[in-house]
Amino acid sequence: MATPLTPANLITALRAEGVDVVEVGSWRTHNRGTRGTGWGPVNGVMIHHTVTSGTDASVRICRDGYSGLPGPLCHAVADKAGRMHLVGHGRANHAGNGDPDVLAAVIREEKSLPAPRAASQDGNSRFYGIEAINLGDGKDPWPAAQLEAIARYTAAICRAHGWNQYSVLAHAEWQAGKIDPRGTLGTWRSTGH
Ligand SMILES: [Zn+2]
């Protein structure tokens, strides 16, 4: 359990980890406010894929959201060139409601998570979120630079909070029926990244 990093502390941690950061507009104050259970305490970092292509369009939708789901849809967008675009800070619409048993396992930093079944735990208050630009069709490649940026971003946050790599999870591990991130990142935990 931890208090979320301030924007300034987040930037410091990301730069120290060698993340190529792009600050998008008013990201420091762009969030969903106190809806649901607000933001924090935070317990981990969740990885998603966008099901979009093109950096500019993907960053825009992650910042602004779309009809029916207001942005931000994550905190950082990982483009294929290895840059991390910061689009929001605070509560973001990325994790939705997931399984409280999964949250408990993440808090204990267990290597294996139970399969998600329930959808009763507000995840948007508990997780930082990365959207990786990928079509999620199992064919769209995951360039090394993009994977490196995601590894550095997650490492920076985990290090700043005193967490290990098992504080990182896939959206698919949180909510039944989700498949993201599909491809290389889908095996993130089991391969010990
Ligand atoms: Zn997702």
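Student: Is Asp180 buried or exposed?
Tutor: The relative accessible area of Asp180 is 8%. Buried means under 20% relative accessible area, exposed over 50% and partly exposed in between, with a 1.4 Å probe and protein chains only. Because its value is 8%, Asp180 counts as buried.

Student: At what pLDDT do side-chain atom pairs count?
Tutor: Residues are numbered from 1 along each chain as its sequence is written, and side-chain values use heavy atoms, leaving out hydrogens and water. The model is predicted, so local features need pLDDT of at least 70, totals for chains, interfaces and linings use all residues, and side-chain atom pairs count only at pLDDT 80 or more.

Student: Which residues coordinate the zinc ion?
Tutor: Donors are N, O and S atoms within 2.8 Å of the metal (3.2 Å for Na, K and Ca); water is not among the atoms, so the site may look incomplete. Along the chain, the donors follow the spacing H-x122-H-x8-D. At 2.0 to 2.1 Å, the zinc ion is coordinated by His48 (ND1), His171 (ND1) and Asp180 (OD).

Student: What is the relative accessible area of His171?
Tutor: His171 is one of the residues that coordinate the zinc ion. His171 counts as buried because its relative accessible area is 5%.

Student: In which loop is Pro41 found?
Tutor: Most peptide bonds are trans. The bond from Gly40 to Pro41, however, is cis, with omega near 0°. Strands (E, at least two residues) and helices (H or I, at least four) are DSSP runs numbered from the N terminus. Pro41 is in the loop between strand 1 (20-23) and strand 2 (44-49).

Student: Is Val51 buried or exposed?
Tutor: Val51 lies in the loop between strand 2 and helix 2 (55-64). Its phi is positive, about 60°, although Val51 is not a glycine. Because its relative accessibility is 53%, Val51 counts as exposed.

Student: Which zinc-coordinating residue is in contact with Ile130?
Tutor: Contact means heavy atoms within 4.5 Å. Leaving aside neighbours within four places in sequence, the contacts of Ile130 include Val45, Met84, Tyr153 and His48.
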